[in-house]
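Please look over the sequence and the structure shown here before reading the report.

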Amino acid sequence: MGTHFTVGQLTAAAAAAVRAPSLHNSQPWRFRLRDGGIEVSLDRERLLPATDPSGWGARIACGAALFNLRLALAVAGTPAKVRLRPYPAETDVLARLTPDLPRRPTPAEQTLYAAVPRRFSNRAPFWPDPVPAEARWRIGEAARAEQGWLELVIGVSAVNAFAEIARSAHRVLERDAGYRAELAAWVRAAPAPDGVPAAASGPRGEPQDLLPARAFGGRDRAPGRDFEPEPLVAVLGTAGNTTTDQVVAGQALQRVLLTATDAGLAASMLSQPIEVPGAREALRLSLGRFGTPQMVLRIGYGQPGLPTPRRRVDEVLDLPVARP
């Protein structure tokens with residue numbers, strides 16, 4: 001049994017970790033090898049002060065990257081034990097991974113790992129085909145496996161009520177000039193290693209759409225062409241809303257997204273109702289659940305979308321300095 005992770009193991013696993021989703025594709029994570037363990041930290045230089053002033057979204061993203069890191073290490077036969085928030089005095093270090101007993105990866109781990117390069121947000125309209133019960137059950141189980149919960153918003157009246165909360169939150173955010181400027185700053189018209197390419201943003205939102213869409217500079221739609229009228233909306237949540245809960249939520253989110261990808265489903269995230277405190281509370285009350293909503297997903301079947309770019313792995317690693 002190895003007692004230390006190596007630079008090679010970290011580098012290989014980080015290649016999967018960086019495929020995690022993040023608000024505006026800001027990629028707010030760093031990975032460090034320290035005392036034989038791998039640490040996942042928040043990168044404060046890549047936070048979104050207008051969109052995510054509390055850092056909630058960045059911690060969700062780091063949790064999603066942590067799940068991919070765990071998955072990559074397990075598939076390599078070197079699974080890890082994970083400790084969240086390992087150093088009370090170092091609040092930006094969100095997780096520490098140390099070697100566990102070597103073992104063969106499980107079929108579930110191999111399946112989810114194979115979905116990592118195929119998972120990306122699909123912001124285009126989905127087809128009207130309903131998501132079958134078995135797939136709905138699978139994504140719910142994925143959230144529960146990571147100590148989260150997933151509530152499906154079912155029925156026309158429930159979806160319409162959620163849509164009103166989402167549109168209201170979207171209007172609140174759009175009134176903030178700082179928010180609009182920050183969003184525009186992360187739209188990429190030319191090739192870049194981060195941000196959202198206009199080509200991957202989907203069609204522009206229209207006033208008649210049921211659900212709001214961020215203005216990432218997408219193309220115009222044909223006149224009268226609406227997004228899907230009855231999307232499958234899923235709300236992911238956790239028992240609380242501490243920093244640890246948010247990292248847990250990120251891991252649950254990524255497991256749900258990879259499970260959906262393996263089932264042939266497309267998904268995109270709708271975080272406006274989470275970003276506005278009043279909307280988040282209205283959403284929680286509408287679900288009748290204890291705990292805290294952490295992310296909203298739109299799930300369905302659709303044409304393959306386009307992946308967003310990622311920074312090189314060496315740009316997100318902090319490796320030990322070799323002694324002369």
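The report below takes up a sheet, a helix and a cavity in turn.

## Basis of the model

This is a predicted model, in which local features need pLDDT of at least 70 and side-chain atom pairs count only at pLDDT 80 or more, while totals for chains, interfaces and linings use all residues. Residues are numbered from 1 along each chain as its sequence is written, and side-chain values use heavy atoms, with hydrogens and water left out.

## The sheet and its helix

An open sheet of 4 strands runs in the order E5-E8-E10-E9 with antiparallel pairing; strands (E, at least two residues) and helices (H or I, at least four) are DSSP runs numbered from the N terminus, and two strands pair if DSSP finds at least two bridges between them. Strand E5 (149–153) and strand E9 (266–269) each have a single partner strand and stand at the edges, so one side of each lacks a neighbour in the sheet. From one strand to the next, the twist averages 30°.

Strand E10 (residues 292–300) pairs with E9 in the antiparallel sense over 4 bridges, and Leu 297 in E10 is the bridge partner of Met 269. Helix H4 (residues 133–145) lies across E5, strand E8 (232–238) and E10, at about 145° to E5, where axes are lines fitted to C-alpha atoms, for helices over the stretch in contact, and angles run from 0 to 180 degrees between N-to-C directions; contact means heavy atoms within 4.5 Å.

## The cavity

The structure holds 1 cavity of 30 Å³ or more, a cavity being a set of points on a 1 Å grid over the protein atoms alone where a 1.4 Å probe fits but cannot get out. The largest cavity has a volume of about 40 Å³, a volume being the space filled by probe spheres set on the points, which are joined across faces, edges and corners. Its lining residues, which have an atom within 4 Å of a point, include Ser 22, Arg 46, Asp 52 and Ala 61.

Note on methods. On a 1 Å grid over the protein atoms alone, a cavity is a set of points where a 1.4 Å probe fits but cannot get out, and a pocket is an open set with protein on both sides within 12 Å along at least five of seven lines; lining residues have an atom within 4 Å of a point.
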